[in-house]
Amino acid sequence: MKTFAKVLEDNFSQLGKVCRNGGDEFAVFLKRTTMTEGRAIFKKLFRQKLTFSYQGKDYPYTISLGFAAYPDQGASREELLNKADVALYAVKMTGK
């Protein structure tokens, strides 16, 4: 968890706000970012080799991601989080 939180901070803290959404879920709020720009930014994250270390050994891990864009997919934070959550679970159901 701490390792991935650091990855998010390193990648997105200059572009917006990174928050823990609960459990193993995080939210990233990007300022003035279109859906196309957001998709490109998150694709960059997917290209990174993600690993965590335990007892001196590195272990790879993967992530699932869902996102939504304001105002196209919602006008409030709640609507956007709901749309992103729906997208996340759609990705998880396809095994990606």
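## Phe-12 and its surroundings

Leaving aside neighbours within four places in sequence, Phe-12 is in contact (heavy atoms within 4.5 Å) with Val-18, Val-28, Leu-30, Ile-41, Phe-42 and Leu-45. Phe-12 belongs to helix H1, and it counts as buried at 1% relative accessibility, where buried means under 20% relative accessible area, exposed means over 50%, and partly exposed covers what lies in between, with a 1.4 Å probe and protein chains only. Gly-23, 11 residues away from Phe-12 in sequence, lies 20 Å from it in space, C-alpha to C-alpha.

## Basis of the description

This is a predicted model, in which local features need pLDDT of at least 70 and side-chain atom pairs count only at pLDDT 80 or more, whereas totals for chains, interfaces and linings use all residues. Residues are numbered from 1 along each chain as its sequence is written, and side-chain values use heavy atoms, with hydrogens and water left out.

## Overall fold

The protein chain holds three helices and four strands, and from the N terminus on these elements follow the order α-β-β-α-β-β-α. The chain is as compact as a globular protein of its length, because its radius of gyration of 14 Å is close to the 12 Å that the globule rule gives for 96 residues. Helices (H or I, at least four residues) and strands (E, at least two) are DSSP runs, numbered from the N terminus; the radius of gyration is taken over C-alpha atoms, and the globule rule is 2.2 Å times the number of residues to the power 0.38.

Along its principal axes, the C-alpha trace spans about 45 × 30 × 25 Å. Of the contacts in the protein chain with a separation of 6 or more, 37% are accounted for by residues 24 or more positions apart.

## Surface and charge

Of the 96 residues of the protein chain, 24% count as buried. The chain exposes about 7,200 Å², of which carbon and sulfur atoms supply 53%; accessible areas come from the Shrake-Rupley method with a 1.4 Å probe, and for residues only the protein chains shown count as cover.

There are 16 positive and 10 negative side chains in the protein chain, and the centres of the two sets lie 6 Å apart. In this count Lys and Arg are positive and Asp and Glu negative, while His and the chain ends are not counted; the place of a charge is taken as NZ of Lys, CZ of Arg, CG of Asp or CD of Glu.

## The nonpolar core

The largest nonpolar core has 13 residues, and those with the most contacts inside it are Phe-4, Phe-12, Phe-42 and Leu-45. Such a core is a set of buried Ala, Val, Leu, Ile, Met, Phe, Trp, Tyr and Cys residues joined through side-chain atoms within 4.5 Å. Helix H1 (2-12) and helix H2 (35-47) are the elements that give two or more residues to this core, and H1 gives the most, with four residues. In soluble globular proteins, nonpolar side chains tend to be buried together.

With neighbours within four places in sequence set aside, Phe-4 is in contact with Phe-26, Leu-50, Tyr-61 and Ile-63.

## Backbone features in the loops

Most residues other than glycine have a negative phi, and most peptide bonds are trans. Arg-32, in the loop between strand S2 (25-30) and H2, has a positive phi near 45° and is exposed at 81% relative accessibility. Gln-55, in the loop between strand S3 (51-54) and S4, has a positive phi near 50° and is likewise exposed, with a relative accessible area of 71%.

A cis peptide bond, with omega about -5°, joins Tyr-70 and Pro-71. Pro-71 lies in the loop between strand S4 (57-60) and helix H3 (77-93) and is exposed, with a relative accessible area of 53%. Although Pro-71 and Met-35 are 36 residues apart in sequence, their C-alpha atoms are 10.0 Å apart in space.

## Other exposed positions

Thr-62, which is found in the loop between S4 and H3, counts as exposed at 75% relative accessibility, and its C-alpha atom is separated by 25 Å from that of Lys-31, 31 residues away along the chain. Arg-47 lies in helix H2 and counts as exposed at 65% relative accessibility; from Gly-16, 31 residues away in sequence, Arg-47 is 20 Å apart in space, C-alpha to C-alpha.
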